[in-house]
Amino acid sequence: VRLLILGGEQCSKGVLQSSKRNLQSASFWNMYGPTECTVMVTMLNLSNGEISIGRPFCGTNVSLLITLN
């Protein structure tokens, strides 16, 4: 395995650490998109251990809407 793309659910540090141990030569990417479809709109290379939804694909914008109480 050279490339592992994760998406759909939040990637935990445990999953990332275990995957890196078992697939040492692979590149890990976390991708995010709306749950109503399978289109990915952001990505992040997980090589440095940081886990987030990443940044928008080149030429695109992403707006995150949150409710503050």
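1. The largest nonpolar core has 7 residues: Leu6, Cys11, Leu16, Ala26, Phe28, Leu44 and Leu46. By nonpolar core I mean a set of buried Ala, Val, Leu, Ile, Met, Phe, Trp, Tyr and Cys residues joined through side-chain atoms within 4.5 Å. Buried stands for under 20% relative accessible area, exposed for over 50%, and partly exposed for what lies in between (1.4 Å probe, protein chains only). Of the 69 residues of the protein chain, 17% count as buried.

2. Some housekeeping before going on. This is a predicted model, where local features need pLDDT of at least 70 and side-chain atom pairs count only at pLDDT 80 or more, while totals for chains, interfaces and linings use all residues. Residues are numbered from 1 along each chain as its sequence is written, and side-chain values use heavy atoms, with hydrogens and water left out.

3. On to the overall layout. The protein chain has 1 helix and 4 strands, and reading along the sequence gives the pattern β-α-β-β-β. Helices (H or I, at least four residues) and strands (E, at least two) are DSSP runs, numbered from the N terminus. The C-alpha trace spans about 40 × 30 × 20 Å along its principal axes. Accessible surface comes to about 5,600 Å², and 54% of that belongs to carbon and sulfur atoms; these areas come from the Shrake-Rupley method with a 1.4 Å probe, and for residues only the protein chains shown count as cover.

4. Now the sheet. It is an open one of 4 strands in the order β1-β2-β3-β4, with mixed pairing. At the edges sit β1 (3-6) and β4 (55-56), each pairing on one side only. Two strands are called paired if DSSP finds at least two bridges between them. As a reminder, strands of a sheet pair through backbone hydrogen bonds, either parallel or antiparallel.

5. The parallel part is β1 with β2, over 4 bridges. From β1 the chain crosses through α1 to β2, and this β-α-β crossover is right-handed (with the strands pointing away from the viewer, the path from the first strand over the helix to the second runs clockwise). For landmarks, Leu3 stands opposite Ser27 in β2, and Leu4 is opposite Phe28.

6. The antiparallel part joins β2 (residues 27-32) and β3 (residues 42-45), again with 4 bridges. Here Trp29 has Asn45 in β3 as its bridge partner, and Met31 stands opposite Met43.

7. Which residues does Ser19 touch, not counting residues up to four places away in sequence? They are Leu4 and Phe28, with contact meaning heavy atoms within 4.5 Å. Ser19 is in helix α1 (residues 13-22) and counts as buried because its relative accessible area is 15%.

8. Tyr32 is in strand β2. It counts as partly exposed, since its relative accessibility is 36%. Leaving aside neighbours within four places in sequence, Tyr32 is in contact with Val39, Met40, Val41, Thr42 and Ile53. Tyr32 and Pro56 are 24 residues apart in sequence and 9.3 Å apart in space, C-alpha to C-alpha.

9. Is Gly8 buried or exposed? Gly8 is exposed, because its relative accessibility is 64%; it is found in the loop between β1 and α1. Gly8 and Lys20 are 12 residues apart in sequence and 19 Å apart in space, C-alpha to C-alpha.

10. Finally, the cysteines. The structure holds 0 disulfides, taking a disulfide as a pair of cysteine sulfur atoms within 2.5 Å. Cys11 counts as buried because its relative accessibility is 8%, whereas Cys58 is exposed, with a relative accessible area of 84%.
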